[in-house]
Structure formats: C-alpha cells, structure tokens
Amino acid sequence: MPQTRPGPEPSAEPSAGQEQPQEATVLRQLLRSPGYLKLLCLSALIGIPVSLAAFWFLVAIRQMETSLWTDLPKSLGWDAPPWWWPLPLLLVGGVVVGLVVTHMRGAGGHIPAGGMQTGGASAGALPGVVLAAAASLPLGAVLGPEAPLIALGGGLALLLRDIAQAPATPQSTVLVGAAGAGAAIAVIFGSPLIAAVLLIEVAGVGGPQLFAVMLPALLSTGVGSLVFTGLGRWTGLPTGDLTLKLSGPAPHLDAADVGWAVLIGAAVALALHPVMHGARLIARYVVARPLVRTVQCALAAAVCIALFALITGRSPADAAGSGQQTLAELTKDPHAWSVGALIAVLLFKGAAYALCLGSMRGGPIFPALCLGGMAGVLLAPLPGLGLIPALAACMAATAASAMRLPVSSVVLVVVVLGGAAMVPVVILAAVVAFVVTELLPAGPTVPSLSGPHGAPGAPGTPGAPAAPAARP
C-alpha cells in the first residue's frame with residue numbers, strides 16, 4: 001500500500017485522498033498494539049508444528065495410496081489393479097465418511113462442492129477431519145488433500161493457542177486460524193507465494209483488515225515452508241511435487257496461442273459448469289440422509305472409475321484419486337494415451353469428480369488441474385497450438401472455473417508449469433473462464449452439514465473465524 005504524507009485536517013466531506021492518512025494511522029496503531037505483536041510472534045511459532053503435522057499427514061496419505069493401489073495388487077498377483085478394484089475401496093471409504101458425518105464432531109469438514117474455505121476451523125473437529133480424509137483420499141475419491149489440510153492447519157493453530165493460554169478473542173481466532181491455514185497451504189502447494197495469494201483472494205477483504213489478517217499468515221507461511229522444505233530433504237519421503245517435468249523448452253507465443261486461449265477458456269467453463277452444478281445438487285441430495293447417500297455416491301464414483309478401466313483397458317488408478325501422479329506421467333509421455341482414452345478419462349473422471357465433490361471429503365483443486373492437463377493433451381494437436389500452451393490454457397481455465405479464484409489460479413498454474421513463459425496464455429484463459437462461469441446460472445447453494453454435536457467453527461457458531469469462503 002503506498003505511503004502518504006500527513007495532510008491537512010479532513011473536511012466534513014473527506015475525499016478519497018484524505019481517507020488514506022486515516023487508513024495509514026489505523027495500520028500504525030495496529031502494529032503498535034502489544035496484543036497484535038504477541039499474535040505475530042505466536043503465528044510465527046505456529047508455522048513450525050503445523051508444517052510438521054501437514055508434512056506427516058501428506059506422507060501418510062501417499063504411503064496409504066501406494067499400498068492400496070500398487071503394493072496390494074502386486075502381492076495378490078496383478079501387475080496393476082483390476083478394473084473392479086475401486087468398488088470395494090470406495091465402498092469402505094463411503095461407509096467411513098458417512099459414519100464420520102453422522103457421528104463425529106464437525107462432520108469431517110465442509111462439503112467440497114462449496115468451494116475453498118479457510119474459516120470455520122476448530123480443534124474439536126480435527127479427529128473427524130483427519131479420519132474422513134484418510135477414508136476418502138487413499139481409497140480413490142477424486143479429490144485433493146488441500147481442504148482437509150487447511151482445516152487441520154487452522155484447527156491445530158487454535159489448539160496451540162489454547163495450550164499457550166493466549167487470549168481467545170474473536171480477533172485472535174481469525175488471525176491464528178488464518179496463520180495455521182496459511183502454513184498448511186504452503187505445505188500443500190510447496191510455495192508460500194501460492195498460500196499468500198490464495199488467502200488474500202478467499203478472504204476478500206482490503207485495507208487494514210487485509211493487512212491485519214495477512215501479516216500473521218505470511219509469517220506462519222514462511223516459517224512453515226522452511227520447515228517443510230528441510231523435512232523433505234532430510235527424510236527423502238515423497239509428498240508429491242506439483243511442478244510438471246515438461247519435455248523441451250516452452251515455445252514462443254504467437255497470435256494463434258492467444259486466440260486459442262480465449263476459446264479454450266470459454267469452452268472449458270461451459271464444459272465444467274454442469275460438473276460443478278451436479279456436485280451441488282449431489283450435496284443437497286446427500287445432506288438429507290448422509291450415511292446411506294454418501295455410500296451410494298461413493299459407489300457411483302467407483303462404478304465410473306471401473307467403467308473407465310473396463311472400456312479402455314487401462315488401470316483404474318488413472319481415473320481415481322487426485323490425479324497428481326497421473327498428470328505427471330501423462331505430460332512426460334503424452335503419446336502413451338490414445339484419443340479415446342483421453343476422452344474416456346475426461347468423461348468418467350469428471351463424473352466421479354462431481355460425485356465426490358458432493359459427498360466425500362477433500363479439496364477441488366488437484367482433480368481440476370488434472371482434468372485440465374488431460375484436456376490440454378487432447379487439444380494440443382489443434383492448428384497453431386502445441387502441448388505446452390494447451391496445458392497452460394486448459395489448466396488455468398479448469399482451476400478458475402472450479403475455484404472461482406482467478407488470481408490464485410494464475411499463480412498456481414504458473415508454478416505448476418515451472419516458468420513464466422506461458423503467463424499471457426494462463427491469464428487470458430483464467431480470466432475468460434472465470435467471467436463465463438460467473439455469467440452462467442449459479443445453481444443451488446451447498447448446505448452446511450454438521451455432526452450430532454454440531455460443527456464448531458462453522459459459519460454462525462460462536463468463536464468461528466470470520467474469514468469468508470469462496471462462493472460455491
């Protein structure tokens with residue numbers, strides 16, 4: 001924010017230029033407040049345990065996924081999981097998630113069809129969040145780990161605040177919860193920059209309020225990123241790398257790339273709209289009888305994944321899960337996939353994505369990037385396009401349409417591509433997709449779902465962080 005020199009006393013009707021010194025005064029008073037400075041120190045310390053917890057959570061999820069989808073089939077005599085493999089796994093996952101929703105505090109976290117949320121964390125909901133994520137992500141739900149980890153980070157931060165006997169005021173709840181969420185986001189995406197941009201865009205506030213929330217979050221994010229990087233090098237354990245290893249240098253952009261970026265942004269938004277609309281309808285269907293209907297939706301998602309494997313002859317793992325590993329393998333060797341297999345995975349994984357968004361527990365970002373990458377490989381042969389511009393445009397468009405956070409989508413895709421050469425294409429596709437998505441009918445709202453003891457920290461409950469969530 002630009003600094004302004006002290007000006008004359010404000011008149012009865014202050015202009016915009018006269019309001020700026022008042023805002024700067026608020027910021028200075030905030031920084032001089034002893035309570036706020038203590039919260040800054042606490043936020044920096046919070047980044048250490050939150051990043052440790054997030055690191056081991058990701059390692060555990062990755063190890064469980066490898067055991068269930070690679071090691072167990074090989075021990076039973078198969079080189080790859082058979083086509084029916086998702087059915088028993090997601091049946092178990094649906095039962096566990098349904099039981100968590102109906103019997104545990106916090107209902108296992110928010111329904112992912114509601115979009116990205118950083119508010120509403122509570123320490124009491126942590127067991128349900130962790131259990132629901134462990135029953136969804138490794139067992140094949142088409143979701144990512146970002147939403148459970150954000151809830152884990154925010155809830156753990158509030159728990160640490162209570163252990164440290166810091167004042168539990170509404171302001172400290174917001175600031176400490178944002179700091180924990182920021183540290184968790186940095187671990188998930190491997191970049192404090194993505195965490196900062198995502199928090200700013202989800203919060204949707206400005207001026208002193210944005211400054212007050214973001215400064216503790218930035219501190220926690222930076223410390224957490226350092227700890228996470230050091231742990232990864234020390235242990236050598238994989239947690240997943242977002243950066244794609246693309247073959248060859250990025251091409252020079254031309255007019256054809258720009259034109260295709262605009263068309264792809266609009267087309268992807270139109271194609272993804274029924275998926276997100278269907279996910280919200282499924283969420284409303286599930287909320288009436290969460291146990292039975294969560295199991296039904298989990299089995300329906302498993303059927304979609306099994307049909308993909310049965311029709312294409314490929315492993316069901318290619319359509320299950322977040323798709324992060326599948327996308328990395330696809331971009332390394334795009335010719336290993338036929339056109340029919342790419343169309344099938346977009347159809348069946350897209351349907352499973354909608355079902356899991358409305359019923360299971362996880363995040364919407366990673367599968368959206370995977371679907372965008374697959375669409376990019378499919379569209380790469382278009383005249384004048386090419387693989388890397390197609391990946392950039394499609395991934396930016398799917399991320400912006402699914403999250404409705406265009407700035408975060410641009411930063412995320414640029415980091416995933418590992419360079420700034422495609423920034424104009426990424427921006428164009430993300431902005432066009434976001435605008436088209438906003439102009440389309442919004443569809444039904446996603447209901448809030450709470451367990452038998454309520455969902456502490458959900459919007460409207462005492463002590464909940466006030467940071468708003470992205471629109472569904």
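In the predicted model, the axes of helix 9 and helix 16 approach within 8 Å and cross at roughly 30°. The crossing of the two helices is right-handed. On the helix 9 side, the contact is formed by D257, V258, A261, V262, G265, A266, A269 and L270. These residues meet V425, L428, A429, V432, A433, V436 and T437 of helix 16. By class, the contact of helix 9 with helix 16 comprises twelve nonpolar, two polar and one charged residues.

Helix 16 spans residues 423–439, a run of 17 residues. From its first C-alpha to its last, helix 16 reaches 24 Å, close to the 24 Å expected at 1.5 Å a residue. The buried residues of helix 16 are V425, V426, A429, A430, A433, V436 and T437. They lie on the same side of helix 16, because the arc they cover around the axis is only 140°. In an α-helix there are 3.6 residues a turn, so residues three or four places apart point the same way. The cover over the buried residues of helix 16 includes helix 9 (255–288), helix 14 (387–403) and helix 15 (406–417).

Of its 472 residues, 51% are buried. Among contacts in the protein between residues at least 6 apart in sequence, 80% link residues at least 24 apart.

Methods
Residues numbered from 1 in each chain as written. Predicted model: local features only at pLDDT ≥ 70, side-chain atom pairs only at ≥ 80, totals over all residues. Heavy atoms only, no water. Helix = DSSP H or I, 4+ residues; strand = E, 2+ residues; numbered from the N terminus. Expected span 1.5 Å × (residues − 1). Buried < 20%, exposed > 50% of the residue type's maximum accessible area, 1.4 Å probe, protein only. Arc of directions from axis to C-beta. Contact = heavy atoms within 4.5 Å. Axes fitted to C-alpha atoms, helices over the stretch in contact; angles between N-to-C directions. Left-handed = near helix turned anticlockwise from the far one by under 90°. Nonpolar A, V, L, I, M, F, W, Y, C, P; charged D, E, K, R; others polar.
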